[in-house]
Amino acid sequence: MQQAKFSVKETQTLFLNNFKAYGFKDKSSMVRTAIDQLKNKLELENLRKSAELYSEIYSENDNLKELTETAITGWPE
């Protein structure tokens, strides 16, 4: 595993020092979990924004709607 050096605020240090109270084996595992959760949250937000953009484009484009209807013709309900 790679190591990284970074700075945190005093309140963050106090929080990290309580890693056992939150069920972590050490501070590093707590930080890794937090980073993973932030990464997942940001990726989900990007996916949501992308879906909204596609929805907006679709709702404003009659040719795209017609193409979609043509493509699904004959598919089971």
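Phe15 sits partly exposed in this predicted model, with a relative accessible area of 42%. Its ring has a partner in Tyr22, and together they make up the 1 aromatic pair that the structure holds. For Phe15 and Tyr22, the centres are 5.0 Å apart and the planes stand at 45 degrees, so the pair is tilted. That label follows because planes under 30 degrees apart would count as stacked and planes over 60 as edge-to-face. Tyr22 is partly exposed too, at 48% relative accessible area; the cut-off for calling a residue exposed is over 50%.

Now move along to helix α2, which covers residues 27-60. Glu56 is one of its residues, and at 43% relative accessibility Glu56 counts as partly exposed.

How do α2 and α3 cross? On the α2 side, the contact is made by Ile57, Tyr58, Ser59 and Glu60; on the α3 side, Asp62, Leu64, Lys65 and Thr68 take part. Sort the residues of this contact by type and you get 3 nonpolar, 2 polar and 3 charged.

Is α3 tucked away or out in the open? The helix has 11 residues and the number buried is 0, so α3 lies largely in the open. Buried here would mean under 20% relative accessible area.

Both ends of α3 have a detail to look at. At the start of the helix, a side-chain oxygen of Asn61 reaches to within 3.0 Å of the backbone nitrogen of Asn63. Just after α3, Gly74 takes a positive phi of about 90 degrees.

Technical notes
Residues numbered from 1 in each chain as written. Predicted model: local features only at pLDDT ≥ 70, side-chain atom pairs only at ≥ 80, totals over all residues. Heavy atoms only, no water. Phe/Tyr/Trp six-rings, centres within 6.5 Å; stacked < 30°, edge-to-face > 60°. Buried < 20%, exposed > 50% of the residue type's maximum accessible area, 1.4 Å probe, protein only. Helix = DSSP H or I, 4+ residues; strand = E, 2+ residues; numbered from the N terminus. Contact = heavy atoms within 4.5 Å. Nonpolar A, V, L, I, M, F, W, Y, C, P; charged D, E, K, R; others polar. Polar contact = N/O pair within 3.5 Å; in protein donor to acceptor, adjacent residues only side chain to side chain.
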